[in-house]
Amino acid sequence: MDGRRNRVLRTLLDALHDVDRVCQALGVTYWIDSGTLLGAVREGSPIPWDDDVDLCMLPRDIERFVSAAPALLGPAYLVQTPHDDPAITSTVKVYINGTHAPSAFHALHQLPAPAHDGLFIDIMTVVPVSTSAVLRRIERAMALLVQTASYAAHMARSPALPRGVQRTKWWLVAQLPGWLTRLLERWLTWRQSKRDGNLLGIGAAGIWAAMPREVIFPLSPQRLGGLTLPGPADPDAYLRAEFGDDYMTPPPEHARETHTELVTFDEP
């Protein structure tokens with residue numbers, strides 16, 4: 001591993017340590033998710049080509065974190081949500097100040113980039129979802145419309161997409177009036193409030209995955225690069241739901257996705 005890549009991973013681990021400290025001080029429950037959990041289970045350390053940290057929280061904990069964490073984390077970090085910056089698509093981003101990691105996706109499609117271009121910790125919400133597979137698909141589609149509406153018009157003009165069906169789909173999403181996307185968002189939140197929480201979904205309306213509560217709780221400790229962090233109760237079932245049954249097999253080099261092409265630091 002080259003020196004720059006090693007510095008990226010160490011910076012992310014240091015930030016994760018700081019967020020963990022703040023969550024403990026606030027009594028906020030969180031757990032490592034997605035590629036961060038995968039690295040802990042498969043390698044005991046961050047995935048070598050990864051360039052972010054993935055965490056999950058329940059909505060009540062996200063509210064407490066967003067309210068109190070900025071002051072506790074201090075000037076080394078910036079805590080933002082889509083309400084602060086519409087270019088943000090996760091529930092919360094904790095940016096690491098003094099770092100720069102321009103989004104390859106935004107550059108590829110010529111999208112308005114987030115105001116902060118640094119390395120980040122992604123925090124996703126976990127919400128109750130329907131036990132009906134059909135209703136889950138419908139609500140996921142609604143959540144995707146809400147999440148992508150802010151940049152759909154730009155995607156419809158993306159030079160990276162061929163003219164035709166793909167651009168037309170994005171153009172149709174861009175035609176949705178703002179009042180409708182806000183109504184859909186409120187309806188999805190209301191539906192979540194009426195559920196018992198026995199089936200939980202990652203992301204708005206479970207966009208990324210859905211799994212029984214007992215797969216997540218009670219949380220179990222996971223080792224990641226020298227840190228001991230909270231993880232789901234059944235990491236195997238959790239990762240199978242997110243990545244499929246072959247999650248322990250690293251992808252070929254050409255399929256190893258990153259968020260950025262180059263990370264730089266303000267200080268040498």
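Residues are numbered from 1 along each chain as its sequence is written, and side-chain values use heavy atoms, with hydrogens and water left out. Because the model is predicted, local features need pLDDT of at least 70 and side-chain atom pairs count only at pLDDT 80 or more, while totals for chains, interfaces and linings use all residues.

**Stop 1: the core**

Begin by selecting Leu 55, Phe 65, Leu 73, Val 94, Ile 123 and Tyr 238, which have the most contacts inside the largest nonpolar core, a set of 53 residues. Such a core consists of buried Ala, Val, Leu, Ile, Met, Phe, Trp, Tyr and Cys residues joined through side-chain atoms within 4.5 Å, where buried means under 20% relative accessible area, exposed means over 50%, and partly exposed lies in between (1.4 Å probe, protein chains only). Helix H1 (residues 3–26) gives the most to this core, with nine residues; helices (H or I, at least four residues) and strands (E, at least two) are DSSP runs, numbered from the N terminus.

**Stop 2: Val 92**

Move to Val 92 in strand S4 (residues 92–96), which counts as buried because its relative accessibility is 1%. Not counting residues up to four places away in sequence, Val 92 touches Ile 62, Val 66, Val 79, Gln 80, Thr 81, Ile 121, Asp 122 and Ile 123.

**Stop 3: H1 and H3**

Select H1 together with helix H3 (residues 59–73), whose axes come within 10 Å and cross at roughly 120 degrees. Axes are lines fitted to C-alpha atoms, for helices over the stretch in contact, and angles run from 0 to 180 degrees between N-to-C directions. That angle makes H1 oblique to H3, given that under 35 degrees counts as roughly parallel, over 145 as roughly antiparallel, 65 to 115 as roughly perpendicular and the rest as oblique. The contact includes Val 19, Val 22 and Leu 26 of H1 and Phe 65, Ala 68 and Leu 72 of H3.

**Stop 4: H2 and H10**

Next, select helix H2 (residues 34–42), which is mostly covered, seven of its nine residues being buried. These buried residues pack against strand S1 (31–32), strand S2 (52–57), strand S9 (220–224) and helix H10 (235–243). After H2 comes Gly 44, whose phi is positive, near 75 degrees.

**Stop 5: H5 and H8**

Finish with helix H5 (residues 133–148) and helix H8 (residues 178–193), whose axes come within 9 Å and cross at roughly 140 degrees, which makes H5 oblique to H8. Among the residues making the contact are Leu 135, Met 142 and Val 146 of H5, together with Leu 184, Trp 187 and Leu 188 of H8.

Methods:
Contact = heavy atoms within 4.5 Å.
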